[in-house]
Amino acid sequence: MALKGLDIFKLTPKKNCKDCGFPTCLAFSMKVAAGAVEISKCPHMSDEALAKLEEATAPLMRTVKFGKGDNEYSLGGETVLFRHEKTYVNRNRFAVMFTDAMTDEEIDKKINNIKKVNYVRIGEEMKVEIAAIKYEGDKDKYLNLVKKIKESDLEVTYMLVCEKPDIVKEALELLKDENPIIYGANKENYEEMVGLVKDNKFPLGLKADNLEGLYELVEKVQELNYKELLLGTEGESIKDTFTKTVQIRRTALKEEDRKFGYPSVVFVNELAGEDKFMTTALASLFTLRYGSIIVLNDIDYSIALPLFALRQNIFTDPQRPMTVEPDVYAVNDADENSPVLVTVDFALTYFIVSGEVERSKVPAWLAIPDAGGYSVLTAWAAGKLSGSTIANFIKESGVEEKTKCRKLIIPGKVAVLKGEIEDNLPDWEIIVGPDEAMHLPKFLKELNESIRAEAQGA
Amino acid sequence: MAFKMSVQKSKGKVQEVEIGKGEKAIKIGGENVIPFYDFDGDIGNSPKLGIEILDVYPEDWVDSLKELYKDVADNPVEWAKFVEKEIKPDFICLRFKGADPNELDKSPEECAEVAKAVAEAISLPLVIAGTNNHEKDAKLFEKVAPAVQGHNCLFLSATEENYKAVGAGVALAYDHKLGAESSVDINLAKQLNVLLTQLGVKGEDIVMNVGNSAVGYGFEYLVSTVDRIRLALFNQNDKTLQMPIITPVSFETWNVKESMADENDVPEWGSREDRGISMEISTAASVITVGSNAVVLRHPKSLEVMKKFVSELH
Ligand code: B12
Ligand code: SF4
């Protein structure tokens, strides 16, 4: 929470020495409160005052980092409870659960599934980011499991789920360079667990039977001066887990109580078990309502496609749609014989359409007029994509020099614009494309055939 | 210091709306808190789950559904009876796809007969969806509404373009419930409610449809619109936004690539049916989580999972 100028003033030495460049300590304090200068510009602040200030100005929810290299992620750091207030900062991350009670076959299958589900959507890599590895009682098998996953070529980070410090210690030997998460500090073992992670600042997941217990545990761990924490929301039921997850986030951001100002870990796998559709339902619930790490039992495309898409939507700027630069883009090495497709500058639409054109392997020009960053129908309904905007863009963008082909394909959803564009671009043949971009490959291949046939005929 | 539950007191309450008649009538709304937040207050009636049927054969639906409905899909009355008996949703949504001018352009009179026969054949509440062509819907509803008088149906929807005709012809003249459809914007939702109320439609006869999209397809706008509408009610008691919300999820989720792509085109994606169900479930779970009081689903599996979801959380 932001400190007021007067609160900061109370911490200054009140010497009015002007070393900071301001006439008085009070004037300086007001500027600091407004965020205009750094507190470090006053060379006379006591360490104690600085510590107090840091504590008071720390964000309500801590940002916790884990993993390393390409697989380093940040969690938490959120400032609002609803995305329309301000962009959510750090997207939740998905984990798949492994345990030493699983057969080799099960383990291999999961490793394989994680490998298979790895794709790009709107410029972003979509994959399971974390292998959660749970200790169920067989130490040798557990350590072997950790080794096995590490030696597989999975691109993941690790979360050790284990409440036995001696076993965690051995497992950490295998993962010490990976900045893994250790989940399983409870009221009995927390001192030892903190001891294991403190030097390397590995994130530590705390768990307790209920919110009261969790709160006390956080207090105790904070007294040990450890703050790289995650909070487990394991509950007896779906409802209980939901309540815990919401309460933790709300206590931090609404009640401004930093005790709960940490990312959460939600074990959807415990709640949904093998039911993959229930997994999708619950993981969607916790993507919207404050899960930071969401642990799944397994992954396949039917779970991943909606879930990763939902997450990608939710963690976007609520003020400004993601856009692409209006221009004419060559796809599949378009040349002077390639047709032109028109779409809008909304990033989502652009990526979907360009992806499908690429998939068709048909060389084509993609013309993107300024459509206000809206989807096709939204832009049309808002008056940003009309027959004349399209026609003018075709004339002014220089695409008429880039290609001799005079076929212009418009989105099926704005078929009504055909007449108006024809009136404005008499040299062009206006073709209404399919409604959905997914039908573009078939459509373009057929079009390409007919263009070739025409060329041969002539 | 000890932990204390964070509790948010509410100033407003979602209007309760009843749909259908008799034992199987449903009530939606009634909550004064964000869905499932019973630590804050009254969570009202549980979200209701409907199943979509069409007035025409479901040509472009997945094969398994065509198989499931193979004996009934040519006849909306049999289809509705089958759904009531075998699939057991909270309500049935009969969608007049065949009335669409771009499809068969069936006449309002013909549709009225179908609607009447369906309403009489089932005891579940009936939601009637039009074509999304505002002009046609006004004409369609004008004939369908009297034909199903007494069944207390919900009509989807009145829009800014046709609210006068639809409001008068459905809610005022024949005592049905009215969906008010706006385009993912809190102010548009509010404005349409105000216009309908000014026309004389009672608040308790209106259900909002504030927009619809599949996850991944501009869905964040829908989430934020619903969040804002609910917070305006709970924090400021904005009575012009106190109507419950219905979202015809299946109308969108089965049209996106994730649900439509053929297994031969994207073999790595696996079963098309599973993808379709999962897109439907994720979208339904998400809109219910932010504040939708009723959703329309297509696949019985989605219904089964969403029933469990709702009963666990509500
Ligand atoms: C999110 C959304 C918004 C967001 C904007 C998001 C954005 N950046 O565009 C907001 C909330 C701002 C918004 C505003 C409005 N919206 Co709006 N919105 C939507 C919503 C829910 C999703 C749109 C979306 O993201 N689609 C996903 C993208 C990928 O789809 P797309 O661009 O069409 O692309 C697909 C196809 O067209 C095709 N394609 C694309 N390009 C090409 C090119 C070729 C050559 C081919 C062949 C195919 C192709 O491929 C893509 C994938 O298949 C839709 C409803 C819906 N479910 O679609 C309504 C919708 C589009 N909105 C609508 C309206 C009316 C509006 C407003 C005018 C409302 C108003 N009166 O103010 C405003 C306009 C803006 C303004 N006045 O400032 C209406 C349009 C009605 C109509 N049929 O004309 C819709 C359909 C909702 C409805 N049912 O009423 N909207
Ligand atoms: S440098 Fe420090 S002590 Fe000197 S005037 Fe500025 S704030 Fe006050």
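## Helix 5 of chain B and its end

In this predicted model, helix 5 of chain B is followed by B:Asp175, whose phi is positive, near 60°. The helix itself spans residues 163-174, and its buried residues are B:Tyr163, B:Val166, B:Gly167, B:Gly169, B:Val170 and B:Ala171.

These buried residues of helix 5 pack against several other elements of chain B. The partners are helix 4 (134-147), helix 6, strand 6 and strand 7.

Most residues other than glycine have a negative phi, and most peptide bonds are trans.

A:Asn16 is placed in the loop that links helix 1 (5-11) to helix 2 (25-33) of chain A. Its relative accessibility is 38%, so A:Asn16 counts as partly exposed. B:Val184 belongs to the loop between strand 7 (177-181) and helix 6 (186-199) of chain B. With a relative accessible area of 37%, B:Val184 is likewise partly exposed.

Chain B also contains a cis peptide bond, which joins B:Leu156 to B:Ser157 with an omega of about -5°. B:Ser157 is part of strand 6, which covers residues 154-158 of chain B.

Two packed helices are described by the angle between their axes and the distance between the axes. For helix 7 (residues 219-236) and helix 10 (residues 272-290) of chain B, the angle is about 25° and the axes lie 9 Å apart. Because angles under 35 degrees count as roughly parallel, helix 7 and helix 10 of chain B are roughly parallel to each other. Helix 7 of chain B passes helix 10 in a right-handed crossing.

On the side of helix 7 of chain B, the contact is formed by B:Phe219, B:Leu222, B:Val223, B:Val226, B:Asp227 and B:Arg230. They meet B:Thr283, B:Ser286, B:Val287 and B:Val290 of helix 10 of chain B. By class, this contact between helix 7 and helix 10 of chain B has six nonpolar, two polar and two charged residues.

## An oblique pair in chain A

In chain A, helix 13 (residues 347-360) packs with helix 18 (residues 440-457) at an angle of about 50°, and their axes are 8 Å apart. This angle makes helix 13 of chain A oblique to helix 18 of chain A. The crossing of helix 13 of chain A past helix 18 of chain A is right-handed.

Helix 13 of chain A contributes A:Val353, A:Glu356, A:Val357, A:Arg359 and A:Ser360 to the contact, where they meet A:Leu440, A:Pro441, A:Leu444 and A:Lys445 of helix 18 of chain A. The residues of this contact between helix 13 and helix 18 of chain A divide into five nonpolar, one polar and three charged.

## Cysteines

A disulfide is a covalent bond between the sulfur atoms of two cysteines.

Is B:Cys93 buried or exposed? B:Cys93 is buried, with a relative accessible area of 0%. In chain A, A:Cys162 is buried as well, at a relative accessible area of 3%.

Methods:
Residues are numbered from 1 along each chain as its sequence is written. Chains are lettered from A and ligands numbered from 1 in the order in which they are written. This is a predicted model: local features need pLDDT of at least 70, side-chain atom pairs count only at pLDDT 80 or more; totals for chains, interfaces and linings use all residues. Side-chain values use heavy atoms; hydrogens and water are left out. Axes are lines fitted to C-alpha atoms, for helices over the stretch in contact, and angles run from 0 to 180 degrees between N-to-C directions. Helices (H or I, at least four residues) and strands (E, at least two) are DSSP runs, numbered from the N terminus. Angles under 35 degrees count as roughly parallel, over 145 as roughly antiparallel, 65 to 115 as roughly perpendicular and the rest as oblique. A crossing is left-handed if the near helix is turned anticlockwise from the far one by less than a right angle, and right-handed if clockwise. Contact means heavy atoms within 4.5 Å. Ala, Val, Leu, Ile, Met, Phe, Trp, Tyr, Cys and Pro count as nonpolar, Asp, Glu, Lys and Arg as charged, and the others, Gly among them, as polar. Buried means under 20% relative accessible area, exposed over 50%, partly exposed in between (1.4 Å probe, protein chains only).
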